[in-house]
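Good morning, and thank you for the time on the agenda.

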Amino acid sequence: MFRFDTYVPRNLRDALEASRIYGEELLPIAGGTDLMVLYRQGLVKFRMLLDLWPLRNSLSYVRLEEGLVKIGALTTIDVLESSELLKDKRFAGFRDACRKFASPFIKSVATVGGNIGAAHPLSDIAITLLTYDASVRLKSLESERVIPLKNFYLDKRKTIRKSDELITEVFFNEPPSNASSVFIKLDRRFGHGMGYAAVSVYAELDGELVEEVRIAFDSMGRAFPERALITEGFLKNRELSEDNISRAVYEVLPSEMRRISDYRASAEYRLYISQVLLKRALLEVSKRVRGE
Amino acid sequence: MSRVSTPRGYRDTYRDIEVSFKVNGREVRVKVKPYERLLDVLRNKLGLLSVKEGCGRGECGACVVIMNGKLIPTCLTLAVRAEGSEILTLEGIAPEGKLHAIQKALLDTYAMQCGFCFPGVIMASKYLLDKNPDPTEEEIKDALDGNLCRCGSYLRFIKAVKLASKYIKEGKVFFDESEVMR
């Protein structure tokens with residue numbers, strides 16, 4: 001295991017200056033629940049870490065402002081889970097995702113920004129945020145840009161973020177009152193490890209008619225979370241009847257989803273599980289919108 | 001497990017960072033290296049050997065401590081993060097010569113076999129009971145979800161936490177060692 005230096009910034013500006021000066025040699029670390037594991041396995045190279053922990057006073061929040069729900073990048077999962085805002089049924093998917101996220105001590109250090117920035121397929125919060133059509137705010141020393149989360153990932157562990165930028169916030173439009181969401185992850189143990197497959201469904205329903213639906217899986221073929229756009233298109237403006245759900249799940253989804261086989265599960269099994277999870281999620285979301 | 005060790009004849013050129021924090025109510029000031037984990041500092045520099053290294057990757061829960069009122073895995077935490085914080089480890093859970101209700105309950109339920117996971121289990125239980133003095137079985141399972149016990153004493157942990165919650169509700173938080181070890 002190699003050694004490294006750690007830069008402890010005084011404030012965000014200081015942190016951004018350090019990222020500008022050291023560039024690629026410096027990696028930002030938030031909770032460390034992913035990066036420290038990669039480091040100890042020898043899967044990541046860097047000369048320096050930028051410890052973002054001192055910035056959490058200013059970057060840890062969940063709030064509603066001018067019709068936007070804003071979540072600070074250093075909001076830890078337990079803070080997100082206990083926030084008043086997310087007790088609303090419109091954000092039920094976040095509740096599911098936080099509850100099954102991991103063990104309590106991981107929840108108290110893992111952050112929302114880290115979950116997005118890690119660019120790993122099984123990033124539960126990122127999958128949920130995708131279905132809320134969230135955007136990521138990236139700050140650098142003199143500029144700021146907003147990237148839709150769906151365009152944020154380039155590859156596994158690769159994002160559009162440049163080395164002198166930091167994720168400061170993620171935000172999305174406040175959902176209307178006829179909306180709700182569901183997040184389901186299939187795992188061998190409850191809330192432990194990463195799961196075989198995960199799905200998040202967000203829907204706005206008018207009675208049984210689907211006004212808006214967004215579906216995201218941990219992977220659609222590439223190794224990062226993505227939306228199932230064709231399945232969404234099929235379901236939009238249709239009734240959420242048993243027949244339509246079956247067609248979406250058994251006919252449409254397999255046409256766009258490509259799963260991989262690895263030591264944890266085979267591609268066939270993963271596809272089958274994704275179908276089952278999607279079906280469950282669609283049935284559950286309609287219940288939730290009706291307030292059952 | 002592989003700690004970052006200094007090979008013979010190699011001079012560590014990384015700077016020392018002075019970190020001061022409170023651990024178990026005692027003010028401490030230690031020099032740490034920027035690559036050091038809190039786990040190594042607590043064990044090797046402060047002699048708090050209750051903090052165990054199990055997996056070293058945040059999966060087993062043997063190294064958890066309560067830092068600023070939050071349960072954290074010290075194996076994934078950089079030592080520099082301790083600056084200005086307040087840390088509670090198993091050593092500080094009860095006054096000298098006493099046992100905490102959770103410790104007593106674990107003994108009463110005969111939960112211990114090898115005991116390696118105990119410091120983590122006790123800290124996680126304390127974290128739960130501090131927030132929620134009367135947890136349901138589901139809540140106990142959730143709270144101890146990250147603590148692996150390879151002897152398989154999980155069911156007894158659940159019993160013990162229920163018993164500890166009963167003790168604490170009765171106002172019996174600390175027990176004399178002599179009273180316990182009959």
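Throughout this talk, two residues are in contact if their C-beta atoms, placed from the backbone, lie within 7 Å. What we are looking at is a predicted model, in which local features need pLDDT of at least 70 and side-chain atom pairs count only at pLDDT 80 or more, while totals for chains, interfaces and linings use all residues. Residues are numbered from 1 along each chain as its sequence is written, and chains are lettered from A and ligands numbered from 1 in the order in which they are written.

Let me begin with chain A. Its domain assignment, which is automatic or taken from a database, gives domain 1 (5-51), domain 2 (59-173) and domain 3 (179-289). How many residues of domain 2 of chain A are in contact with domain 3 of chain A? There are 27, and they meet 25 residues of domain 3 of chain A. On the domain 2 side, α5 (92-99), α8 (124-131) and β8 (153-155) of chain A each supply at least two residues. Here helices (H or I, at least four residues) and strands (E, at least two) are DSSP runs, numbered from the N terminus. The most comes from α8(A), with six residues.

As a whole, chain A has 11 helices and 14 strands. Its C-alpha trace spans about 60 × 45 × 30 Å along the principal axes. Of the 292 residues of chain A, 50% count as buried, that is, with 20 or more other C-beta atoms, placed from the backbone, within 10 Å of their own.

I turn now to the contact between the chains. Chain B gives 24 residues and chain A gives 22 residues. On the chain B side, β4 (70-73) and α3 (118-131) of chain B are the elements that give two or more residues, and β4(B) gives the most, with four residues.

Finally, the core. A nonpolar core is a set of buried Ala, Val, Leu, Ile, Met, Phe, Trp, Tyr and Cys residues joined through C-beta atoms within 7 Å. The largest one holds 141 residues, and among those that touch the most other members are A:Val199, A:Ala281 and B:Met123. Its largest share, eight residues, comes from α3(B). Leaving aside residues up to four places away in sequence, B:Met123 touches B:Val64, B:Val65, B:Ile66, B:Leu71 and B:Leu90.

Technical notes. Buried ≥ 20, exposed ≤ 12 C-beta atoms within 10 Å, placed from the backbone.
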